[in-house]
Amino acid sequence: GWEWPWLLAAQELEAYRRRSGVGLLAFVAMQWALPVLRMGVDFKAIRVAYRWHRWAGALSPVLFYAHASWLGVGYLAALASVYLAGVGVGVLDKTILPNLALRDRYVRPWMVVHVALACLMVGLTLFHVFVVFAYS
């Protein structure tokens with residue numbers, strides 16, 4: 001029930017959908033900078049990227065809402081659900097636990113789930129891009 005008529009009108013336009021989709025795709029691609037940086041040894045860059053990754057991830061539902069204000073049906077509902085689940089899991093990272101010993105046991109299974117959702121989201125996103133261009 002939370003709708004902005006001007007946004008709904010913009011989302012009806014093909015040009016807006018494509019531009020906001022490219023923006024969202026670029027944002028998702030930038031979120032993958034953290035795992036790429038983690039393969040290196042520049043710990044200062046990793047720390048900066050980690051902070052940016054967390055804040056940007058927490059705010060990413062706003063970008064998703066700007067692109068699509070409803071979850072869709074079929075694979076689009078799956079894509080939206082995986083996207084939002086990945087954000088939800090991301091928010092529940094190790095920093096929510098004050099106990100350092102518990103953090104160590106928590107971080108590995110959490111990371112598996114978070115990365116698995118991110119990879120699934122990338123696959124569904126690429127499928128979505130294919131469908132958009134194949135049927136337009």
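1. Basis. Residues are numbered from 1 along each chain as its sequence is written, and side-chain values use heavy atoms, with hydrogens and water left out. In this predicted model, local features need pLDDT of at least 70 and side-chain atom pairs count only at pLDDT 80 or more, while totals for chains, interfaces and linings use all residues.

2. Elements. The protein chain has 6 helices and 0 strands. Its order from the N terminus is α-α-α-α-α-α. Helices (H or I, at least four residues) and strands (E, at least two) are DSSP runs, numbered from the N terminus.

3. Overall dimensions. Along the principal axes, the C-alpha atoms fill a box of roughly 50 × 35 × 25 Å.

4. Of 136 residues, 26% are buried (under 20% relative accessible area, 1.4 Å probe, protein chains only). Among contacts with a separation of 6 or more, 65% join residues 24 or more positions apart. Contact means heavy atoms within 4.5 Å.

5. H5 and H6, geometry. Helix H5 (residues 75-91) packs on helix H6 (residues 100-134) at about 150°, with axes 9 Å apart. That makes the pair roughly antiparallel (angles over 145 degrees). Axes are lines fitted to C-alpha atoms over the stretch in contact, and angles run from 0 to 180 degrees between N-to-C directions. The crossing is left-handed (the near helix is turned anticlockwise from the far one by less than a right angle).

6. H5 and H6, residues. H5 contributes Tyr75, Leu76, Ala78, Leu79, Val82, Tyr83, Ala85, Gly86, Val89 and Gly90. From H6, the contact includes Trp110, His114, Leu117, Met121, Phe127 and Val131. By class there are 16 nonpolar, 5 polar and no charged residues. Ala, Val, Leu, Ile, Met, Phe, Trp, Tyr, Cys and Pro count as nonpolar, Asp, Glu, Lys and Arg as charged, and the others, Gly among them, as polar.

7. H2 and H4. The axes of helix H2 (residues 14-31) and helix H4 (residues 43-67) come within 10 Å and cross at roughly 165°. H2 and H4 are therefore roughly antiparallel. Their crossing is left-handed. Contact residues include Tyr16, Arg17, Leu24 and Phe27 of H2 and Trp52, His53, Leu63 and Phe64 of H4. The classes here are 9 nonpolar, 7 polar and 1 charged.

Note on methods: Parallel < 35°, antiparallel > 145°, perpendicular 65-115°, else oblique. Buried < 20%, exposed > 50% of the residue type's maximum accessible area, 1.4 Å probe, protein only.
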